[in-house]
Amino acid sequence: MLRPRTETRRITLGGVPIGGGAPVSVQTMTKAQPHDAEALLRQIAEAAELGCDIVRLTVPDAQAAEVFKQVRARSPVPLVADIHFDYRLALAALEAGADGLRINPGNIGGSERVRAVVAAARGRNVPIRIGVNGGSLEKDILAKHGAATAEALVESALRHVALLEAEDYHEIKISVKASDVPRTLAAYRLLSEMTAYPLHLGVTEAGTFIPGTVRSCVALGALLLDGIGDTVRVSLTDTPAKEVRVGVELLRAVGLRAPGAAVTSCPTCGRTRVDVAGLAARVEERLERYYREHPGAARPHVAVMGCVVNGPGEAKGADIAVAGGCGAFALYVRGVQVKVIPEADALEAIVALVAQWPAAGR
Ligand code: SF4
C-alpha cells in the first residue's frame, strides 16, 4: 500500500521538478571516461531513451569540465556535475552549464569557497545535492558514533546542509547512501523526519546486476511505499541503461510511474522449441519504444508462450498471445487462434497488432 508522499520542498533541476509532489525522477551516472564526449553522449542518449530524467557525470579535472560543456550542449536531459573536494571544478562545471551540482560543502576547504560556489549556483538557479556515503564520513562523526550508522550518515548530511543554509541557500537535495538495506532504510527514515529538503534515494555500492537490483529495489521500494523519496538512482556495477531500466520498473512497481508494455511470458520448460526469452525481450523493447512515441496508445496485454500444449490456456487472460511450436508460433487474438506464423515473423506480427489495437471505449 502506497502511503501519501512526504511533503518536501520543491526544487527544479534543469526544468525537472523535484520534491513538493513532483513525479519521482530517475537518475543514472555515466560510466564512460570523462574526457570522451562521444561515449558520454551515447550513454546519456540511451539512458534518456529508456526514461531517465537526469544524468550525473563525474568532473575530476579541468579537461573534464571542458568536455562537460560540449556534452551539455548536446544532451537531451539535464546534467549534474559530480565534484569532490575541488571548488574550482564546481565553478568550472557551473560555467560549463551544469544543471545540478553534487558536492559536499564541508569538504571543499572553508567558508570562502562555499560562498563562491553558492554564489555561482544561485546566479544560475542550480540546486546542490549533498551526497553522504557510508564509506566517506568525517573522522569526528565516525568516532562519535563508532561506525557509519544511520545516525552518523544523517548527522554528516545535516552538517553539510547547515553550511549552505548559512549562505541562505536552500536549493538542496540530500542523499544518505549506505551499502546495505537496513542502514539505508534507517538513515532515510530518520532524515525524512528531520528535514523537508527533497531526498535522492540510493544504495551505494549495491553490487552487480542481480544482487544490486534486489538490494536497491528492496530498500528504495520500501522507502517509496512509505512516501519517502523524490528522485532515485539504482547504482549497479553495470551499464547506465540497466540502472535506468531497473529504476523505471521500480517506480512502476510501486505505482509511481505509468505502466509500460504489458508483456508476460512463460518461464519455458522442456517443451519449448522456440526462443521465448529472446522474443519476449524484443517485444518488450519495441513496445516500450512505441509507447514512448505514442503515450496515448492502447496497451493490450501480450503473452509470449513456449508451447501450444499449455500456452493457449495460460495465455487466456491476454489480448494478444503467441504459443510456440517447432520454429513457428500460433497467434491468438482475444483467445482465438488466427494463424500460424514463422518464428522470425512473430515480433513484427505482434507489434503490428498492438499498433492497430483499438483504444478503450472505441
Ligand atoms: S507454456 Fe509450454 S513451454 Fe511454456 S512453461 Fe508452459 S508448458 Fe512449458
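Two strands pair if DSSP finds at least two bridges between them. Helices (H or I, at least four residues) and strands (E, at least two) are DSSP runs, numbered from the N terminus.

This is a predicted model, in which local features need pLDDT of at least 70, side-chain atom pairs count only at pLDDT 80 or more, and totals for chains, interfaces and linings use all residues. Residues are numbered from 1 along each chain as its sequence is written, and side-chain values use heavy atoms, with hydrogens and water left out.

**Exercise 1. Find the order of the strands in the open sheet of five strands, and say which stand at the edges.**

Step 1. The order is β11-β12-β13-β14-β15, and the pairing is mixed.
Step 2. β11 (263-265) and β15 (336-342) each have a single partner strand, so one side of each lacks a neighbour in the sheet; these two are the edges.
Step 3. From one strand to the next, the twist averages 20 degrees.

**Exercise 2. Work out the sense in which β11 pairs with β12, and that in which β14 runs with β15.**

Step 1. Strands of a sheet pair through backbone hydrogen bonds, either parallel or antiparallel.
Step 2. Three bridges link β11 and β12 in the parallel sense, and V263 has V302 of β12 as its bridge partner.
Step 3. β14 (residues 328-333) and β15 run antiparallel, joined by six bridges; here A328 lies opposite P342 of β15.

**Exercise 3. Sort the side chains of β12 (residues 302-305) by the way they point.**

Step 1. In a regular strand the side chains alternate between the two faces of the sheet.
Step 2. V302 and V304 point one way, while A303 and M305 point the other way.
Step 3. All of them are buried, meaning under 20% relative accessible area with a 1.4 Å probe and protein chains only (exposed is over 50%, partly exposed in between).

**Exercise 4. Describe how helices α3 and α4 meet.**

Step 1. The axes of α3 (residues 87-95) and α4 (residues 111-124) come within 10 Å and cross at roughly 10 degrees. Axes are lines fitted to C-alpha atoms over the stretch in contact, and angles run from 0 to 180 degrees between N-to-C directions.
Step 2. The two helices are therefore roughly parallel, a term for angles under 35 degrees.
Step 3. In the contact (heavy atoms within 4.5 Å), α3 supplies Y87, A90, L91, L94 and E95, and α4 supplies R113, A116, V117, A120, A121 and R124.
Step 4. Eight of these residues are nonpolar, none polar and three charged; Ala, Val, Leu, Ile, Met, Phe, Trp, Tyr, Cys and Pro count as nonpolar, Asp, Glu, Lys and Arg as charged, and the others, Gly among them, as polar.

Note on methods: Angles under 35 degrees count as roughly parallel, over 145 as roughly antiparallel, 65 to 115 as roughly perpendicular and the rest as oblique.
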